[in-house]
Amino acid sequence: MSDQAIRNGLPEPLSSAVIARLEQHIDPYLEQDIVSAGIVRALELDGRRLQLGLAFPYPCKSQYRDLVMALTEKLSDLDEVDEVECEIGLAVPAISAGSIPAIPNIRNVIAVASGKGGVGKSTTAINLALALSAEGARVGVLDADIYGPSVPIMLGVTDFRPVSYDGKTMAPAFAHGIAAMSIGFMVTEDNAAAWRGPMAAGALVQLLEETQWPELDYLVIDMPPGTGDIQLTLSQKVPVSGAVIVTTPQEIATSDARKGITLFNKVNIPVLGIVENMSYHICSQCGSKEHPFGTGGGIETAKRYNVPLLGDLPLNLTIREHVDSGQPSVIAEPEGEIAAAYREIARKAAAALLARSEPEPSLAIEISSD
Ligand SMILES: Nc1ncnc2c1ncn2[C@@H]1O[C@H](COP(=O)(O)OP(=O)(O)OP(=O)(O)O)[C@@H](O)[C@H]1O
């Protein structure tokens, strides 16, 4: 139950009647009615026009139209009201990340991680960041994938070189409406590959802290692949509010994903859910769904660790072509099915962040040997 007070200018008994009807509307991502969830902020009557002020704690702009229609329908039987007007805003709260101090201007940090390389972690991170932005949030992305920084290519900013105006901090790149900083702007692949764990983690934390981030609701970090020292150090030094694990359905990738979940459990970072990438293939001849790597790995892992499966993405050449050309699918085909799948993942991950703001102490912790 939210303690958010409603600015309520309605007379009784209209006020009770309106609130009772609004309480019937369950937000599908928060799984709570919109009054209890604190989304209803203001109620006013202007003549026979009912004005609703709503503020969502997670970005879901693409859902507003359906919401307004559903609420108008629910309130249509009230004699005092001829018209319903909704003003909808976004107010993302900062979810605390334990004792690590917050980074100025950044409300929430979401780490995108994978147990092994090549599963599509960066592709997912960048599309997730752009999807959060498309749903209305202010978003930045930090490319911490030191051994294969791909954000400059994926956002089409390979020529960007960070500049410092104050000698202390660097301005990030801006592309497709989000801010971006990448280790790839600084170092060549050759010298990054020589970096060992602590040095790499130190450089990444410095990169994060010395970037002049604009005000952000979410900073998405594309983590280095794997579950070793760099990932552990980063998770302990950066105020990560939640993690998204990317996996493919192959058994080997799935067991690596489990190591990823274990790593975040170890450092008390809630796992917001799993994204199963390259999950299926749509046959170009007959349109049927084929599962070249088997089925069910993501669901099985999600169930075992009591974390949601945020979504699955097909093995699809256009996903690859889009990111390789600097126009990820969420931007290249915003009306397409793939963009819709990423936006759904974004809404679910952002809502999960609110629900799981306290790590569950009952979660089984499995310490892996590597
Ligand atoms: N669903 C998909 N369908 C087709 N190609 C994909 C898909 N997801 C990612 N790819 C492609 O697979 C390759 C690897 O993806 P990506 O760089 O995102 O993986 P990664 O897990 O971040 O790898 P690494 O950590 O090693 O950099 C890229 O060429 C990307 O375009």
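Reply: Strand 1 and strand 4 (residues 40–46) run parallel and are joined by 2 bridges. Strands here are DSSP runs of E with at least two residues, helices are DSSP runs of H or I with at least four residues, and both are numbered from the N terminus. Two strands count as paired if DSSP finds at least two bridges between them. The model is a predicted one, in which local features need pLDDT of at least 70 and side-chain atom pairs count only at pLDDT 80 or more, while totals for chains, interfaces and linings use all residues. Residue numbers start from 1 along each chain as its sequence is written.

The two bridges can be followed residue by residue. Arg7 has Ala42 of strand 4 as its bridge partner, and Asn8 stands opposite Leu43 in that strand.

Strand 4 also pairs with strand 5, this time in the antiparallel sense, over 6 bridges.

Contact means that the C-beta atoms of two residues, placed from the backbone, lie within 7 Å. For such angles, axes are lines fitted to C-alpha atoms, for helices over the stretch in contact, and the values run from 0 to 180 degrees between N-to-C directions.

Two points in the backbone deserve a note. Most residues other than glycine have a negative phi, and most peptide bonds are trans. Glu12 and Pro13 are joined by a cis peptide bond, with omega about 5°; Pro13 sits in the loop between strand 1 and helix 1 (14–22). Asn105 is not a glycine, yet its phi is positive, at about 75°. Asn105 belongs to the loop between strand 6 and strand 7.

The UniProt record, an unreviewed entry, places the feature "domain: MIP18 family-like" at residues 17–85. UniProt positions are given in the numbering used here, feature names are shortened, and annotations may be inferred rather than shown by experiment. Over residues 17–85 the chain is 26% helix and 32% strand, with the end C-alpha atoms 17 Å apart.

How does this part sit in the chain? The protein chain is divided into domain 1 (7–90) and domain 2 (106–355), with bounds that come from an automatic or database domain assignment. The C-alpha centres of the two domains lie 35 Å apart. Where they meet, domain 1 gives 9 residues to the contact and domain 2 gives 11. The touching side of domain 1 divides into 7 nonpolar residues, 1 polar and 1 charged. In this scheme Ala, Val, Leu, Ile, Met, Phe, Trp, Tyr, Cys and Pro are nonpolar, Asp, Glu, Lys and Arg are charged, and the others, Gly among them, are polar.

A second open sheet has 8 strands, in the order 9-10-8-11-7-12-13-16, again with mixed pairing. Its edge strands are strand 9 (173–175) and strand 16 (309–312), each pairing on one side only. Neighbouring strands of this sheet are turned by 25° against each other on average, direction ignored. Strand 13 (residues 271–276) and strand 16 run parallel, joined by 3 bridges; among the partners are Ile274 and, in strand 16, Leu309.
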